[in-house]
Amino acid sequence: MAKITPITNGYIDEIIKASGPFNPNLNKTQGIKLRELIKKLRDGAADETSIYNLISPAINAVMVTSFDEFGYDTTIRSNSGATKYFNAIYESLVIGSSSPEKTDFTYTVEENLSRLTEVDTCVMWLNWFSEGFTNPTIVKAGISQDVKAEIADGMWTAGSYNKDTALQISNLIGLAGTQNDQSFTNGALYLQERGYKVGFAPIVRFINNSDIHDKERWRGEVTFSEESSVNAWIESYKTFVEYYLKLSSDEGIDLSLIYIGSEMVTLSTNTNAAIRNKWFVTLKQLAASARHYFPASKITYAADWTEFGYTNNQFFMDWLWADPNIDHPGIDYYMPILEQHSDDVGTIKKGFIAGELMDYYYSGHNSENRKYSVSDGKGKSALSKTKMSVQYGLKNIRSFINNQHYQTKRDGFIADSSPLVIDSNYINSIQETNKLINGLTGNGIVDSVIKLGAKGGVGKALGLNKKWLRLNGAQFAKCDLSNIPGSPQIIDFSLDFLIEEIPGGYGRVFKCDLLDLFFDGNTLKLAINNSTYLDVITSVNINSAYHLAVKIENGSAMVKCGTFVNTSAVSQTSLGSTFFLGAGGETWDFVKCKIYQCKIAAKNAADWYGGTFHFEDEYLGRRTEWDANFILGQNKTLMATELGVASVSGSLVEPNVFPHIRKSNQSDAILPQNNSNEYFRRLQSFGFYINEIFGPYGSSFDIDEVHQSLGLRLLIEFLKAAGCPTQVVYNLDARYHLSLKAVTGGALYYIDAPNHLFNHALNGKLVNHYINGIDQEIRP
């Protein structure tokens with residue numbers, strides 16, 4: 001039996017149209033009431049068909065979020081007089097019980113999470129705070145002034161902070177604080193007892209305590225520029241993450257999935273290399289700590305979709321992705337899928353691999369079009385497009401996973417050097433430019449049997465006999481070695497080459513102060529310190545590939561070339577200031593040869609210096625550390641550390657936009673005229689008047705659960721097929737969906753409750769009604 005296409009609001013409205021507003025005096029409905037009836041019939045049958053069956057079978061991991069001090073707790077928390085319950089809102093305010101028995105989180109797990117039958121992992125969101133949006137204060141646990149005023153001493157602690165030493169969150173901005181340690185522990189153990197795996201996601205929220213209109217900004221927008229204050233911030237962040245790793249270990253919480261960070265875009269891509277390096281070194285240390293506490297855990301960093309791959313002409317994150325303690329590169333997958341609203345399966349699937357951020361990008365955005373009052377409902381279809389190369393496409397995750405990554409080759413150089421692989425370990429980084437040797441200059445030519453690429457991006461190595469540095473006639477190449485220490489303890493050198501013609505007398509292949517590879521007649525010799533001469537190849541075979549490896553350590557040189565193996569004493573280890581491929585300006589004949597790869601590495605104390613030139617690559621730019629995924633056989637796959645679709649039309653145009661309502665004074669209130677009109681009227685009956693609604697670009701702001709559910713399912717299916725086996729869906733709110741109906745003093749208890757009609761939270765959708773029906777469970 002053929003599947004029925006989802007019956008969307010747009011589909012119903014297209015069939016039944018009316019020329020004007022509903023007139024109750026007429027005997028005919030003009031289609032308005034009939035349309036409402038059809039939608040109610042559709043929605044009444046949706047519980048076991050469209051919504052539940054679209055979402056539940058697809059999701060295997062969720063991000064569980066608590067935005068208040070006791071949200072994860074399974075123990076009821078109240079003020080000292082038990083006149084106010086912090087985490088039993090459903091029983092105390094909605095039902096009206098004076099002695100609640102179960103917390104809201106318990107209801108959420110039993111009633112909402114249980115409907116996600118395929119979920120086996122719950123990643124628990126834990127947030128600390130930082131004040132300011134430019135060079136912010138250090139990271140600290142925070143507590144709202146409202147909660148602080150109600151609780152007794154010792155009732156709330158987070159890390160080393162108590163209610164008096166924590167960052168105080170002003171009542172003006174109305175944000176809740178950090179989760180109480182015991183509340184987190186209770187909730188995590190409760191999930192484990194019910195058979196769920198538990199994950200951990202550390203989140204920093206950046207706030208402004210003095211401005212209600214600019215009270216919080218996304219962490220990816222914060223400016224870090226002053227080195228000393230940023231260093232202090234990073235150290236405090238490290239303390240934050242390490243605290244929960246140890247706490248979880250001590251309390252028996254077996255973390256199966258660990259995020260060491262999330263969406264700190266302006267640190268990962270910072271133009272100040274010192275700040276960027278400090279951040280990545282710290283992330284690597286945190287990954288090592290996570291491995292120490294939880295050896296079997298999957299460890300990742302949740303990179304924003306604009307941060308994880310190729311951005312600003314660099315692969316900033318590859319340094320971290322190559323770290324052996326990182327199991328999966330993580331991406332918060334909120335990429336734009338559609339250009340305008342659609343519930344057509346084929347159109348949605350096409351949007352995952354084509355269109356915006358694959359074939360072109362849009363310009364000319366008008367942020368006003370993300371407002372209900374201004375939106376034209378047309379998405380991005382009217383914006384101007386600029387064509388882009390698919391290799392730069394952020395959507396091109398298959399290419400990102402399966403291919404090597406390259407930085408753009410700099411002008412004026414034959415080729416750039418790449419990070420080192422020493423004894424099966426990836427060493428230095430594109431981030432540590434002071435440790436990499438410079439690029440090759442000279443008049444040597446990189447030749448090929450195919451057309452060469454000139455820019456960076458992604459592409460596979462082409463292999464021997466496809467591409468090479470040609471040294472022929474008067475051609476040579478040289479490299480500045482001035483950043484390598486004068487007398488390193490270890491030298492590691494290798495060369496892959498092919499001789500095309502043997503010179504008549506002397507001819508040089510390469511030279512530096514320490515090593516010299518040259519022809520003497522038909523014999524290829526290696527000179528060390530101009531004192532030891534080794535016949536590495538006594539009879540060279542023309543057009544045969546050779547690999548020469550030299551390692552000098554503890555006064556001894558080990559030389560290997562084919563079957564030749566020799567160990568000789570070495571008196572000094574200075575490479576000198578310049579390295580030549582070719583005769584290097586001397587009077588010797590040039591050797592006609594091809595160079596495929598050349599590695600020059602030197603270790604001084606604990607640090608390696610040098611680089612590798614990969615002439616066989618498709619690009620001549622610098623390979624990034626992602627190369628380790630292939631060289632070391634790590635075979636890392638991508639993880640979707642966050643993904644989500646909001647329940648408003650057009651969400652797939654901008655899944656990263658979290659729709660929300662801005663409250664107003666009654667005098668400037670608006671009453672949206674769409675399929676949620678009755679819902680907004682009910683909000684007004686509780687004193688919640690709307691000034692503006694914000695959402696995806698060009699949305700019609702119609703509520704559309706089917707669009708959300710269909711988009712989620714298809715995105716998860718696509719990511720699995722693209723080599724991304726794990727997807728963590730954002731979000732399951734720790735607050736029970738019916739608790740969001742709570743009213744106190746004639747007003748909504750949760751001031752953000754109205755936002756849940758539009759946003760990414762799954763709770764209410766799973767039981768076929770909106771999260772906050774207010775005084776009854778309604779459907780527009």
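In these notes helices (H or I, at least four residues) and strands (E, at least two) are DSSP runs, numbered from the N terminus.

**Entry 1: ground rules**

I am working from a predicted model, in which local features need pLDDT of at least 70 and side-chain atom pairs count only at pLDDT 80 or more, while totals for chains, interfaces and linings use all residues. Residues are numbered from 1 along each chain as its sequence is written, and side-chain values use heavy atoms, with hydrogens and water left out.

**Entry 2: a cis peptide and a strand beside it**

I looked up the peptide bond from Tyr730 to Asn731 and found it cis, with omega near 5°. Asn731 belongs to strand S37, which covers residues 726-733.

I then turned to Thr65, which sits in strand S1 (residues 61-65) and touches both Tyr730 and Asn731 (contact meaning heavy atoms within 4.5 Å). Not counting residues up to four places away in sequence, Thr65 also touches Tyr72, Trp125, Leu732, Asp733 and Ala734.

**Entry 3: loop residues**

I noted two residues other than glycine with positive phi. Asn529 has a phi of about 60° and lies in the loop between strand S25 (523-528) and strand S26 (532-537); its relative accessible area is 14%, so Asn529 counts as buried. Ala605 has a phi near 60° and lies in the loop between strand S32 (592-604) and strand S33 (607-614), but with a relative accessible area of 59% Ala605 is exposed.

I also checked Thr563, in the loop between strand S28 (556-561) and strand S29 (564-569), which is exposed because its relative accessibility is 82%. The C-alpha atom of Thr563 is separated by 8.9 Å from that of Val536, 27 residues apart along the chain.

**Entry 4: His707**

Where does His707 lie? I found His707 in helix H16, which runs over residues 705-721, and its relative accessible area is 0%, so it is buried. The side chain of His707 reaches the backbone nitrogen of Leu652 at 3.4 Å. Leaving aside neighbours within four places in sequence, I listed contacts of His707 with Leu338, His341, Ser342, Asp343, Val645, Val648, Ser649, Gly650, Ser651 and Leu652.

**Entry 5: nonpolar cores**

A nonpolar core is a set of buried Ala, Val, Leu, Ile, Met, Phe, Trp, Tyr and Cys residues joined through side-chain atoms within 4.5 Å. The largest one has 122 residues, of which Leu113, Trp233, Ile260, Tyr301, Phe308, Trp321 and Tyr333 touch the most other members. Helix H8 (residues 227-251) gives the most to this core, with nine residues.

I followed up Tyr333, which touches Phe352, Lys395, Ile397, Glu642, Leu643, Gly644, Leu715, Phe718 and Leu719, not counting residues up to four places away in sequence. A second, separate core has 52 residues, among them Ala415, Cys512, Ile528 and Leu548.

**Entry 6: helix packing**

Axes here are lines fitted to C-alpha atoms, for helices over the stretch in contact, with angles running from 0 to 180 degrees between N-to-C directions. The axes of helix H7 (residues 181-193) and H8 come within 11 Å and cross at roughly 55°. The contact is made by Asp181, Phe184, Thr185 and Leu189 of H7 and by Tyr243, Tyr244, Leu247, Ser248 and Glu251 of H8.

I next looked at helix H5 (residues 104-112), which packs with H7 at an angle of about 25°, their axes 11 Å apart, so H5 is roughly parallel to H7. Here Phe105, Thr106, Val109 and Glu110 in H5 meet Gly187, Tyr190 and Leu191 in H7.

**Entry 7: helix H15**

Which residues of helix H15 (residues 677-685) are buried? I recorded Asn677, Tyr679, Phe680, Arg682 and Leu683, and the buried residues of H15 pack against strand S35 (660-664), strand S36 (689-694) and strand S39 (747-748). Just after H15, Gly687 takes a positive phi of about 75°.

Definitions and conventions:
Buried < 20%, exposed > 50% of the residue type's maximum accessible area, 1.4 Å probe, protein only. Polar contact = N/O pair within 3.5 Å; in protein donor to acceptor, adjacent residues only side chain to side chain. Parallel < 35°, antiparallel > 145°, perpendicular 65-115°, else oblique.
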